[in-house]
Structures are given as structure tokens and as C-alpha cells.
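Here is a short report on a predicted model. Please look over the sequence and the fold before reading on.

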Amino acid sequence: MIEQVNPSDFFNNIIFSEFPLAKNDYGVAILAKDLEFKISEANKDIDDRIAQIYSPTEESVLLSYLAYKTGYVRFKKSITISFVMTSTTDLNIEKDEILGDGNFIYYVDGFVYVKAGVPTLVTATLKEVEKKEVAISNGSIFSHVPLDDVTYKECTSIRVLRDNKELLYSQNFVSLKSHYSIEFLADSKIQIVFKLSEKPTDDLVRIGDVVTIEYATAPDVTNPPLGVSFLNMSLDLNSVIEDVALVSHYTPPLSIEEMKYLVMFNRKNLGDLALNEDFRQLFLALTPNVPYLKVWQQREEARIEGFRCRDINRVFVCYLKEDKTDNDPIVNKFLRDSFYSHIYGRYLEIRKTTIIDLYVNINITTNDIFNPRIEEDIIKSLAGVYNNVDVVISKTIVVDRVMQVLRENLKLYEVDISLSSLGTYAPSIMYDLKRANVDIKFFAFETEDRRTIR
């Protein structure tokens, strides 16, 4: 058994063995106690640091664990409200139009067309949006941009744009094509990490690029306001807003205890449980000629087939090649060989991909003189294959993309947009929006009495 020696006694023994008379020196006693205090504090600091590694309790350390080890970060969620708007004139309400209730600010969630005299439902989210424009100027593999004026507990969302196009986020760059990830600094401040381009052909951020970082913050409000009004008076002048109601509740940021449980029971501690995205990225990395690929497991399969014991250890996959064909024997063999060389105790089932053709109809009314390339720009922004994993399609996405093109080219317009039904749910479905299936028609206003959009 090793006997623990008190630091002050150890110091005194060394001094007294050489200088016996020092036993009566009060200054030596003070030095001994001071040394004991410093050693004890150093040991306590070391113990705390070790404890933070194995069982962290500090918010900034827990956030780093969540970001790097678990790959899961959840910001708080502010309330979303709805209201009914009735206007005496036709209105185009842009996404992110701002409203106020006298205390706080709300942003409209998406583009809304309000026809004169027709009560229309609009939704808006409580938040304040800040923008930071940054020139990427340093880094070899990654470049870091700290957001010095916002912390984890204040933030509700982050978006990054380059040339007005939103960049792709994934934590720890799980998605091979993602542009940025998020880090947390020692004081729980947020830092954006950009993966820099390594090939001339990739779409990643490069030195010299200018990006715009939009981050939203929100107060901890739980109740909807009694009333709201647009800060843009041209929208509010001839309209009435009624029936303000709560759509989604406030969700606080993760507490210390919640973070501790997530760190303790992260997926690496659960028998090396693999997520769908883990398998998908493995296949994508090994099969570059298979750009469209979906992976799912027992839970998603049970939504179609019901619970079956045999599905517990199965991984399901469907894919499309560049030419939009599947069930290629060479690709199938390569997927199986790749899977079984990396994964033990699982069975890979390759499914036929169901392709659903989508159709978009766009009617644009304007008297502006416009360039015919508007039609091509809209088609280019919409056409393609959507797997609803990393490339998602919805009516809102179609409207946003069309409106972005129109805002850049027209001053006065009205637009009516429809997207065909996405159909019933099935994990093996992918959606194909062909260029020929985007129907765009232009019409002239019957009168000049229309509002300007910008």
C-alpha cells in the first residue's frame, strides 16, 4: 500500500534535513502551505479535466461532444403563429416579410398570394435575423468563421448563402457534398466550419469566395400575441389581420441533463448502431456512378409492410444510375461486396426504385419586358431527380425557386404555381421532374392596377 504524502510535509522534510534551524522560521511554514495549496489546486484542475473527458458537465464541453461524437445538435425552437389576412387588393407576401406585435418580430415562413377579398391563412415565426458577410481568406482543408455575437442558447437557426444560393449543412460533414458544419467554442459561442474545395470540379467553398451567414435568435416566448401587423405599410394599409393562433410551441434548448444523457447513450455506445446516412455515405463513396441512392431500415419498412422480425437486421437500398436505370447486376454485386466487407451481422436487400414523374405548371402575369431566358432559368432550377433524402421536393421549394428567378428579372408580376401530387409514402420512391414536364405560360395584365413587388 502506497502512503500518500502531504505536500507541505514533503517540502518541510527536504528543507529541515539540510537546515534543521529552519524549523523555527515562520517564512518556511508559509511557503510550505502555499505550495500545498497550489499543488492541491493543480490536482483538482487535473481531476476536473479528466472528469470532463469521461463524464462532462460543462455546457461548452457537452456541446462539443454532441457536435463531434454524437453528430447531433438541436437549437431551441421559437413559436410559430398563424393568422387570417383579408385584403382589398391582390397582394404578394414574400417569404421573410416582417411583422411586429409591439414587443417582438415575426418573419413570414413562405411566399403567400392573397387574392382581394379572399381570407388567406399566413404563418410566421418569432425570430430576429442577423446577417454577416464574410470573405473566405484562410485555411487549407477547412476555414473557420466565428459568430462572436451569438451563443448556443440564443440561436434558433443558421443558414449560409453564396451567390444567393443556400449552401448545404451537415454536422461533421456526414454528407459528402456538404459545404459547412458547426463547432462550439469554450464559451458556447458558435463557429462555422467550411470544407474547402480540393478539386476544380466540386462545388465546395474556395478561398476568395464571399458567403453570407444568416443566423436567427429569439426570446423565450411561449404564448402567441393578441395581434400582429406588417412593418411594410404597403402590405398593411388595405388589409385586416384576424384570428392570431399558435401553430407550433416553443421548445427550449437542450438542458445540461439532456446533453449528458445524449452523450452517455450516443449511438457509439449502443452496439455500434449505424444510421441510414452512415450506410448511404458508404455506398456513395464506393459507387460514384450511382448519384441517386436511398437507404432505410426496419422502422421505415414497417410503415409499408408492418413489423416483421426478419427485417430487424436488414438494410434496404434502392438506387438510380446517371441514366436513371436501376437493377444493374454489376452495381448490385458491387454494393453487396462493399456492404459485406464492412458490415457484419446484417443482410442487404436491394429494392427496385419506383420513379414518379412530377409536373409543374407555372402561370406568370406581367407587362414587364423580359428576357426569354427567364423560362430556361426556371426550368434549370427545377428539373432533376429528387430522392427526398439530400435532394428534397415540395410545393414550398418549387415556389421559392420560381420566385427567386422572377425577383431577379421582373418588377411587376403575379404568379400561380402548381405541383402534381407526390403520391403515397414508400421508401423506395424517387421523383423525376423532367424539363419537358415544367410548363410555363406568360400572360399580360388586363389592367395596370397592380402593386410593385420590390
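Start with helix 8. In this predicted model, helix 8 lies across strand 17 and strand 18. Helix 8 runs at about 160 degrees to strand 18.

Those strands belong to an open sheet of three strands, in the order 16-17-18. The pairing in this sheet is mixed. Strand 16 (292-296) and strand 18 (347-350) are the edge strands, and each pairs on one side only. From one strand to the next, the twist averages 25 degrees. Helix 6 also packs on the sheet, where it touches strand 16, strand 17 and strand 18. The direction of helix 6 makes about 145 degrees with that of strand 16.

How do strand 17 and strand 18 run, and how many bridges join them? They run parallel, joined by four bridges. Across this pair, Val317 stands opposite Ile350 in strand 18.

| Helix | Strand used for the angle | Angle |
|---|---|---|
| Helix 8 | Strand 18 | about 160 degrees |
| Helix 6 | Strand 16 | about 145 degrees |

Next, a residue beside the sheet strands in sequence. Lys321 lies in the loop between strand 17 (314-320) and helix 8 (329-342). Is Lys321 buried or exposed? Its relative accessible area is 17%, and buried means under 20%, so Lys321 counts as buried. Leaving out residues up to four places away in sequence, Lys321 touches Asn289, Pro291, Tyr292, Asp328 and Val331.

Now the second largest pocket. Its volume is about 470 Å³. The lining has 21 residues, and the closest to the pocket centre are Ser170, Gln171, Val174, Ser175 and Glu277. By type, the lining divides into seven nonpolar, seven polar and seven charged residues.

Which helix gives the most to this lining? Helix 6 does, with four residues. Helix 3 (59-70) and helix 6 (276-286) each supply at least two residues of the lining.

Last, helix 3. Which of its residues are buried? They are Glu59, Ser60, Leu62, Leu63, Tyr65, Leu66, Ala67 and Thr70. Just after helix 3 comes Gly71, which takes a positive phi of about 70 degrees.

Methods: Residues are numbered from 1 along each chain as its sequence is written. This is a predicted model: local features need pLDDT of at least 70, side-chain atom pairs count only at pLDDT 80 or more; totals for chains, interfaces and linings use all residues. Side-chain values use heavy atoms; hydrogens and water are left out. On a 1 Å grid over the protein atoms alone, a cavity is a set of points where a 1.4 Å probe fits but cannot get out, and a pocket is an open set with protein on both sides within 12 Å along at least five of seven lines; lining residues have an atom within 4 Å of a point. Grid points are joined across faces, edges and corners, and a volume is the space filled by probe spheres set on the points. Ala, Val, Leu, Ile, Met, Phe, Trp, Tyr, Cys and Pro count as nonpolar, Asp, Glu, Lys and Arg as charged, and the others, Gly among them, as polar. Buried means under 20% relative accessible area, exposed over 50%, partly exposed in between (1.4 Å probe, protein chains only). Contact means heavy atoms within 4.5 Å. Two strands pair if DSSP finds at least two bridges between them. Axes are lines fitted to C-alpha atoms, for helices over the stretch in contact, and angles run from 0 to 180 degrees between N-to-C directions.
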